[in-house]
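This briefing looks at how the parts of one protein meet. Please view the sequence and structure below before reading on.

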Amino acid sequence: MPEFSKVGQKLTTRSGILQLMDDLGRALAGEGDMLMLGGGNPAAVPEVQHFWRERMRDLLSHGHAFDRMLAHYDPPQGNPRFVHAVAKLMREKFGWPITERHVGVTNGTQSTFFFLFAALAGTRADGTRKKILLPLSPEYIGYASQGLEEDIFVSCRPRITWPGGEGERVFKYAIDFAAVESRLREGNIAAMAVSRPANPSGNMITDEELRHLEQLAEKYGVYLIVDCAYGLPFPGIVYGNAQLLWSPHTIHTFSLSKLGLPGVRTGIVVAPPEIIEAVEAMVAIIGLANGNVGQELALPLMASGEILDLGPKYLRPFYEERSNAAQAAIREYFDPASVNWAMHASEGAFFLWLWLRGLKISTAELYLRLKERKVLIVPGEYFFFGLDEPWEHEHQCLRMNFAQPPEVVREGIRRMAEGVKEASR
Ligand code: PLP
């Protein structure tokens, strides 16, 4: 092991996200016969694939736009026409009082979070340290190893509710606002962050919860980061009714990935201008400019507003059907007599989050045993970073992706249920 700097050591650890992306890449590259219920790869939705292929043909047939896309560095803020289109869309469709100064582009939301956490969390010039507060743990694995300093997160356990009664085996997390406010009162928080819908649980924090978080952000003078990677207004993989809200101290992060374009690595940030300037400066230092293929592909849709239609028309029905099929398979194969299972309400994104009470091993151990059965899931332990006390729930949950073809998901669930049964004896 070479002797790296402290930051170097932190960024080169074998993180959960590295293991996850490595598993994912290898399984999708066709190495072995693994059933891939890990990772966050979106599904191949035929209409959407066709749509982007057509859009690429359009670009190719307009030589000028194609040449410009390949041959130019964009300004670090993003392609000015794309930035303009995003600001206009948010203003006209949602009434947000924003201009181009509120919009930035990155090489994907994962990079956006790296920039935001690097800028906001850590030691200030006056020696004080600020952290990122996650109001509802479990939260996205991709945040966990970020930050340039150690220990940048504090998280709050949620309340566990049973909307249809415990007998239905469907639970829902709710934010424990007393816990969140008590953390904010300590005065060392720079920002709160939530994924909505949440990865891993598929939880959609309610409009009321979101409003409450905004009020708290204002009261305590912190930013509220809302990660809309699966959410509103695009890709719109949200199964119930929910609203997109705006406030002057909210940082919204959007992505083209779950619109079927993870390969183009395009993230969008809508935030107060001082945050956009910070992101822009970091884009320049770290990568000069962003990739511009995604922006060029999506530009006409952003300008016309058509980007808002892809979710309701194609993605939401597609994923909702897969979610229902996966839930039915869980009910069919999981035996309550061997393990007291429950699943989180599936309110968005494309994961089911299972809670296995009575499992005799941790889900980290279960992950390894299921890998032997050629099925990949993500153990729950990775998603509970930032809690200050151990919680047995951490070792009882797992995340499974239901975006793969139905027969793969079904067979994966069958093998998973067998593995769980064996581990519960
Ligand atoms: N945020 C959440 C909640 C995610 O699940 C993901 C990817 O799966 C990302 C951010 C990062 O997305 P990307 O970097 O592809 O835009």
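Domain bounds here come from an automatic or database domain assignment. On that basis the protein is divided into domain 1 (6-48 + 311-423) and domain 2 (73-308). This is a predicted model, in which local features need pLDDT of at least 70 and side-chain atom pairs count only at pLDDT 80 or more, while totals for chains, interfaces and linings use all residues. Residues are numbered from 1 along each chain as its sequence is written, and side-chain values use heavy atoms, with hydrogens and water left out.

**Extent of the interface**

- The C-alpha centres of domain 1 and domain 2 lie 23 Å apart, and 48 residues of domain 1 are in contact (heavy atoms within 4.5 Å) with 51 residues of domain 2.
- Between them the two domains bury about 4400 Å², 60% of it on carbon and sulfur atoms, where buried area is the accessible area (1.4 Å probe) that two parts lose on being put together, summed over both.
- K10, E347 and F385 supply 17% of the area that domain 1 buries against domain 2, more than any other three residues.

**Charged pairs**

- There are three salt bridges between domain 1 and domain 2, a salt bridge being a side-chain nitrogen of Lys or Arg within 4 Å of a carboxyl oxygen of Asp or Glu.
- R357 forms a salt bridge with E166, with the closest N and O atoms 3.1 Å apart.

**The domain 1 side**

- Among the elements that each supply at least two residues of the side of domain 1 that touches domain 2 are α2 (16-28), α12 (310-333) and β13 (351-357), with helices (H or I, at least four residues) and strands (E, at least two) taken as DSSP runs numbered from the N terminus.
- The most is given by α12, with seven residues.
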